[in-house]
Structures are given as C-alpha cells and as structure tokens.
Amino acid sequence: VTGASFVVFNGALKASSGFLAKSSIVEDGLMVQITPETMESLCQALRDKKDFKITCGKTDTGDIKEYVDICWVENEEKTNKG
C-alpha cells in the first residue's frame with residue numbers, strides 16, 4: 001500500500017513495450033503509465049463511479065505483483081485527509 005498526494009495517469013504506454021502497465025513514485029505522488037485502451041476503460045469506470053483495477057508488470061510474466069486499485073468509498077473517514 002502506497003500513500004500519495006496525487007496520481008497521474010499517463011495513457012501513452014505502447015503495447016509493444018512489453019508491459020501491461022507501469023507504476024512509479026514521482027516526488028510525493030504516483031504515476032501510472034497505461035495503454036490508450038486501458039485509459040479509455042478507466043475514464044468510463046470513473047464516469048460510472050465504478051471500482052477499477054490496473055495490473056502492472058510485464059505481459060509475458062506470470063508473476064505479477066503490483067496493482068493500482070481505484071475504489072469508490074462510502075465513508076471518507078478512512079481516506080487520506082491530506
């Protein structure tokens with residue numbers, strides 16, 4: 001679990017890169033590089049207020065360890081107040 005002050009979604013990751021998605025810490029935030037197709041799905045999920053999961057890692061590796069979960073919550077007390 002990583003806490004962040006901001007999140008940047010970059011939809012320019014090419015499918016030929018060999019990655020499903022890539023996440024990295026930038027200053028005190030998180031940058032998630034995703035494909036244009038994933039960006040389209042993410043935008044639709046945000047419009048529909050639905051949870052969305054981004055799987056990060058190489059496409060040819062069965063050992064995927066990173067996920068970026070976007071979750072809608074009812075109770076804001078458990079979220080980052082910063």
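Colleague: Is Val8 buried, partly exposed or exposed?
Modeller: Val8 is partly exposed, with a relative accessible area of 36%. Buried means under 20% relative accessible area, exposed over 50%, and partly exposed in between (1.4 Å probe, protein chains only).

Colleague: What kind of model is this?
Modeller: This is a predicted model, where local features need pLDDT of at least 70, side-chain atom pairs count only at pLDDT 80 or more, and totals for chains, interfaces and linings use all residues. Residues are numbered from 1 along each chain as its sequence is written, and side-chain values use heavy atoms, with hydrogens and water left out.

Colleague: Back to Val8. Where is its place?
Modeller: Val8 sits in strand β1. Strands (E, at least two residues) and helices (H or I, at least four) are DSSP runs, numbered from the N terminus.

Colleague: Which strand does β1 pair with, and in what sense?
Modeller: β1 (residues 7-10) pairs with β3 in the parallel sense, over four bridges. Two strands pair if DSSP finds at least two bridges between them. Val7 has Leu30 of β3 as its bridge partner.

Colleague: And how does β2 pair with β3?
Modeller: β2 (residues 19-26) pairs with β3 in the antiparallel sense, over six bridges. There, Ala21 has Ile34 of β3 as its bridge partner. The hairpin of β2 and β3 has two residues between the strands, and Glu27 takes a positive phi near 50 degrees.

Colleague: What's the overall pattern along the sequence?
Modeller: The protein chain reads β-β-β-α-β-β.

Colleague: New topic. Which residues make the largest nonpolar core?
Modeller: That core has 12 residues, including Leu30, Val32, Met39, Phe52 and Ile54. The elements giving two or more residues to this core are β3 (29-34), α1 (36-47), β4 (52-58) and β5 (66-70). A nonpolar core is a set of buried Ala, Val, Leu, Ile, Met, Phe, Trp, Tyr and Cys residues joined through side-chain atoms within 4.5 Å.

Colleague: What is Ile54 in contact with?
Modeller: Leaving aside neighbours within four places in sequence, the contacts of Ile54 include Phe9, Ala21, Val32 and Val68. Contact means heavy atoms within 4.5 Å.

Colleague: Thr35 next. Buried or exposed?
Modeller: Thr35 is buried, with a relative accessible area of 10%. Its place is in the loop between β3 and α1. Not counting residues up to four places away in sequence, Thr35 touches Gly11, Leu13 and Leu20.

Colleague: How much of the chain counts as buried?
Modeller: Of the 82 residues of the protein chain, 20% count as buried.
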